[in-house]
Amino acid sequence: MTEIQLKNRGPIAELVLDGPESRNALDADNLRDIAAAVAKVAEAVPNVRVLLIRGEGKVFCSGRDIANVDVETDDAHAFLADIFAPVLQAIRALPIPVIAQVQGAALGLGYGVAAAADIIFAADDAKFGSPFAAIGAMLDSGAHHVFLDRVGYHRTMDLIVTGDFMTGAEAAATGIVSRAVPAVELTDFVESKLEKIVTGPAEAFAMEKGFVQKLADERPNLAEVLAQEAALQESARQTPDYAEGFTAFQERRKPNFD
């Protein structure tokens with residue numbers, strides 16, 4: 001059984017999947033708890049400037065907890081469309097950077113939760129792919145979108161049909177995750193990035209997140225991107241962070257984005 005914990009460390013919020021014995025498998029109640037935790041994080045912005053999502057134990061998340069699912073009465077559509085999808089969208093909509101720290105496997109719902117983050121830092125021996133062939137099910141949780149976008153048709157079908165996994169290092173090389181580091185260094189690596197992010201320009205980060213998601217979702221042409229970049233840069237110019245950043249550069253000192 002997995003419990004969902006929300007911890008506050010000053011400007012860092014930490015959402016923990018805590019169920020090592022079940023490899024952090026998630027059921028419907030867990031997803032509702034994640035949704036509630038994400039809502040609390042949203043309310044805490046701007047005091048909270050980054051969200052870390054991680055799992056306890058050797059695995060980030062093995063996927064849906066199907067131990068007690070009755071195949072005859074289970075409504076897979078309702079589970080994914082009405083319970084999981086809103087969680088993924090809520091994480092994406094947070095106006096702060098979201099980091100997923102992945103060790104071990106991130107499969108099914110687990111990969112979906114990780115992929116909802118803006119940055120995925122993975123152990124180099126982590127596992128990504130599609131375990132669904134073994135249970136006669138379909139890849140889900142948005143993985144079709146990510147895999148097709150990053151590795152193309154043939155590699156996606158390879159992952160789906162063979163059930164073979166990519167390592168964290170392979171996933172980083174193809175863009176499935178942001179970066180992979182040796183497993184023993186993962187926690188320290190993530191902490192160092194969190195410390196840097198919380199001192200960054202929060203308003204610019206929020207605008208970048210919205211803009212990059214829009215580009216990824218809508219794929220506008222170059223002329224449209226140039227026009228939107230110009231408009232956003234003018235919006236950024238009017239923020240205190242922008243003024244501080246320019247002034248600090250001109251005065252040859254480190255900017256203070258508090």
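Let's start at Val45, which touches Pro95 and Ile96 when residues up to four places away in sequence are left out; touching here means heavy atoms within 4.5 Å. This is a predicted model, in which local features need pLDDT of at least 70 and side-chain atom pairs count only at pLDDT 80 or more, while totals for chains, interfaces and linings use all residues. Residues are numbered from 1 along each chain as its sequence is written, and side-chain values use heavy atoms, with hydrogens and water left out.

Val45 lies in the loop between H1 and E3; helices (H or I, at least four residues) and strands (E, at least two) are DSSP runs, numbered from the N terminus. Val45 counts as partly exposed because its relative accessible area is 25%, given that buried means under 20%, exposed over 50% and partly exposed in between (1.4 Å probe, protein chains only). A cis peptide bond with omega of about 20 degrees links Val45 to Pro46. Pro46 is in the loop between helix H1 (28-44) and strand E3 (50-55). From Val45 to Pro86, 41 residues apart along the chain, the C-alpha atoms are separated by 20 Å.

Next, have a look at backbone angles. Asn24 has a positive phi of about 60 degrees although it is not a glycine. You will find Asn24 in the loop between strand E2 (12-18) and H1, where Asn24 is buried, with a relative accessible area of 0%. Arg252, in the segment after helix H9 (240-250), also is a residue other than glycine with a positive phi, near 55 degrees. Arg252 is exposed, with a relative accessible area of 80%.

Now to helix packing. Two packed helices are described by the angle between their axes and the distance between the axes. For helix H2 (residues 76-93) and helix H3 (residues 109-116), the axes come within 8 Å and cross at roughly 30 degrees. H2 is therefore roughly parallel to H3, a term for angles under 35 degrees. Phe79, Leu80, Phe84, Leu88, Ile91 and Arg92 of H2 make the contact with Leu109, Gly112, Val113 and Ala116 of H3.

Finally, turn to the surface. Leu148, Tyr153, Met157 and Val161 form a nonpolar patch with about 400 Å² of accessible area together. Such patches join nonpolar side chains (Val, Leu, Ile, Met, Phe, Trp, Tyr) within 5 Å, from residues with over 30% relative accessible area and no salt bridge. Val161 belongs to helix H4 (residues 143-162) and is exposed, with a relative accessible area of 58%.

Note on methods
Patches are made of residues with over 30% relative accessible area and no salt bridge: like charges are joined within 9 Å, nonpolar side chains (Val, Leu, Ile, Met, Phe, Trp, Tyr) within 5 Å. Accessible areas come from the Shrake-Rupley method with a 1.4 Å probe; for residues, only the protein chains shown count as cover. A salt bridge is a side-chain nitrogen of Lys or Arg within 4 Å of a carboxyl oxygen of Asp or Glu. Axes are lines fitted to C-alpha atoms, for helices over the stretch in contact, and angles run from 0 to 180 degrees between N-to-C directions. Angles under 35 degrees count as roughly parallel, over 145 as roughly antiparallel, 65 to 115 as roughly perpendicular and the rest as oblique.
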